[in-house]
Amino acid sequence: MESDGEEEEAATPGPTTPAPAGGRLKGCPELSVDCDMREMAKTAAWSVSSCKPGNGVSSLRDNSLDTYWQSDGAQPHLVNIQFQKKVQLQLVVLYVDFKLDESYTPSKISIRAGDGFHNLKEIKTVDLLKPVGWVHVSLSGTDPRETFIHTFMLQIAVLANHLNGRDTHVRQIKIYGPRPNHVPHQPFHFTSRECIMYSTVR
């Protein structure tokens, strides 16, 4: 498991991808997330339920869109992300490509969270419609105040593929959470620069 370092990969400023009509996601060619988020995966241990030789879990994290994780077993196909301590997570972003991968492309994904394998609970299910590009899945709840989840473990489960395919291809996965509040002696955790700017009485 990698150490819990302070430096994280910076997010590229920009809006997240809206869902098309019907709630099925199609993907976006550019990876763009809010600038008040940071990539959290460097503090996690990654594993998968199965893989073909040469197409393992490292292919999900090599920053290359030309490589991919390929499962090798029965559905659901699982990606497990375990953290050394509880972390706040806001967004899961996957790169999938129906044009290249066809029946290997996920069509339904479940996202689960918990303290470990023993108590994972489903927090989000999304349907994909021939996606090409980055698929953004928000982890926020229905309550506007629930902007993130607080968890030790995240699991991404591929429940079904396009064209009834058995095994799956996922080319990249990134996990984002809020940037830490660097205002000293501030009892609240602000997640936007605008809030931090006006959080001190002058």
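Colleague: Why is aspartate 72 called partly exposed?

Modeller: Its relative accessible area is 34%. Buried means under 20% and exposed over 50%, with partly exposed in between, using a 1.4 Å probe and protein chains only, so aspartate 72 at 34% counts as partly exposed. Keep in mind that this is a predicted model, where local features need pLDDT of at least 70 and side-chain atom pairs count only at pLDDT 80 or more, while totals for chains, interfaces and linings use all residues. Residues are numbered from 1 along each chain as its sequence is written, and side-chain values use heavy atoms, leaving out hydrogens and water.

Colleague: What makes aspartate 72 and arginine 166 a salt bridge?

Modeller: The closest N and O atoms of aspartate 72 and arginine 166 are 3.6 Å apart. A salt bridge needs a side-chain nitrogen of Lys or Arg within 4 Å of a carboxyl oxygen of Asp or Glu, so this pair qualifies. The pair links distant parts of the chain, 94 residues apart: aspartate 72 is in the loop between β4 and β5, and arginine 166 is in the loop between β10 and β11 (169-170). Both residues also belong to a salt-bridge network with Lys52 and Asp167.

Colleague: How many salt bridges does the structure hold?

Modeller: There are 5. One of them joins glutamate 39 to arginine 61, with the closest N and O atoms 3.1 Å apart. Because glutamate 39 lies in strand β2 (residues 37-39) and arginine 61 in the loop between β3 and β4 (69-70), this pair ties together parts that are 22 residues apart in sequence.

Colleague: How do you know whether glutamate 39 is buried or exposed?

Modeller: Glutamate 39 has a relative accessible area of 0%, so it is buried.

Colleague: What do the side chains of aspartate 101 and arginine 171 form?

Modeller: They meet in a salt bridge, at 2.8 Å from N to O. Aspartate 101 sits in helix α1 (residues 98-101) and arginine 171 in the loop between β11 and β12 (172-178), 70 residues apart. Both aspartate 101 and arginine 171 are buried.

Colleague: Why are β5 and β10 called paired strands?

Modeller: Helices (H or I, at least four residues) and strands (E, at least two) are DSSP runs, numbered from the N terminus. Two strands pair if DSSP finds at least two bridges between them. Strands β5 (residues 77-89) and β10 (residues 149-161) share 9 bridges, in the antiparallel sense, so they count as paired. Leucine 154 in β10 is the bridge partner of isoleucine 81, and alanine 113 also stands opposite leucine 154.

Colleague: What makes the pairing of the open sheet mixed?

Modeller: Its 6 strands run in the order β1-β8-β7-β10-β5-β3, and β1 and β3 (44-48) are the edge strands, each pairing on one side only. Strand β1 (residues 24-25) runs parallel to β8 (residues 121-128), with 2 bridges, whereas β7 and β8 are antiparallel, with 6 bridges.

Colleague: How many disulfides does the structure hold?

Modeller: The count is 0, where a disulfide would be a pair of cysteine sulfur atoms within 2.5 Å. As for individual cysteines, cysteine 28 is buried at 18% relative accessible area, while cysteine 51 is partly exposed at 33%.
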